[in-house]
Amino acid sequence: AKIVEEKELGDVINQFLGDLSAESRKIFLQRYWSMMPVKEIAEMYSITESKVKMSLMRTRAKFKHYLQKEGIAL
């Protein structure tokens, strides 16, 4: 595993986010960038809380796999 500089990590994160569907990206960013509660995200996008939670779980798994593929240690 390699040590990653902030700029490189930012580039990797942006690449990952760009590969997500628009809905998954919005949910992920609302939760982890804006720190919005799941309930508020569900209300904002008129979807169920369980759909938000499932999307977040899947996106976290994809993100972990993506970072590992890029050789970035967690």
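Reader: Which residues is S55 in contact with, leaving aside its neighbours within four places in sequence?

Author: In this predicted model, S55 touches S24 and I27 once neighbours within four places in sequence are left aside. Contact here means heavy atoms within 4.5 Å. S55 itself sits in helix 4.

Reader: Why is S55 called buried?

Author: The relative accessible area of S55 is 13%. Buried means under 20%, so S55, at 13%, counts as buried. Over the protein chain, buried residues make up 28% of the 74 residues.

Reader: What makes helix 2 roughly perpendicular to helix 4?

Author: Two numbers are needed for a packed pair, because two packed helices are described by the angle between their axes and the distance between the axes. The axes of helix 2 and helix 4 (residues 49-69) cross at roughly 90 degrees and come within 9 Å. Angles of 65 to 115 degrees count as roughly perpendicular, and therefore helix 2 is roughly perpendicular to helix 4.

Reader: Which residues of helix 2 and helix 4 meet?

Author: From helix 2 the residues are E23, S24, I27, F28, R31 and Y32, and from helix 4 they are K51, V52, S55, L56, T59, R60 and F63. By class, this contact has six nonpolar, three polar and four charged residues.

Reader: What lines the largest pocket?

Author: The lining consists of I13, N14, L17, F28, L29, Y32, W33 and F63. Helix 1 (6-19) and helix 2 (22-32) are the elements that give two or more residues to this lining. The volume of the largest pocket is about 170 Å³. F28, Y32 and F63 are among the lining residues, and F28 and Y32 in helix 2 and F63 in helix 4 also belong to the contact of these two helices.

Reader: What is the secondary structure of the protein chain?

Author: The protein chain has four helices and zero strands, and along the sequence the pattern reads α-α-α-α. The C-alpha trace spans about 40 × 20 × 20 Å along its principal axes.

Reader: What share of the contacts with a separation of 6 or more comes from residues 24 or more positions apart?

Author: Residues 24 or more positions apart account for 55% of those contacts in the protein chain.

Methods: Residues numbered from 1 in each chain as written. Predicted model: local features only at pLDDT ≥ 70, side-chain atom pairs only at ≥ 80, totals over all residues. Heavy atoms only, no water. 1 Å grid on protein atoms, 1.4 Å probe; cavity = no way out; pocket = protein on both sides within 12 Å on 5 of 7 lines; lining within 4 Å. Points joined across faces, edges and corners; volume = space filled by probe spheres on them. Axes fitted to C-alpha atoms, helices over the stretch in contact; angles between N-to-C directions. Parallel < 35°, antiparallel > 145°, perpendicular 65-115°, else oblique. Nonpolar A, V, L, I, M, F, W, Y, C, P; charged D, E, K, R; others polar. Buried < 20%, exposed > 50% of the residue type's maximum accessible area, 1.4 Å probe, protein only.
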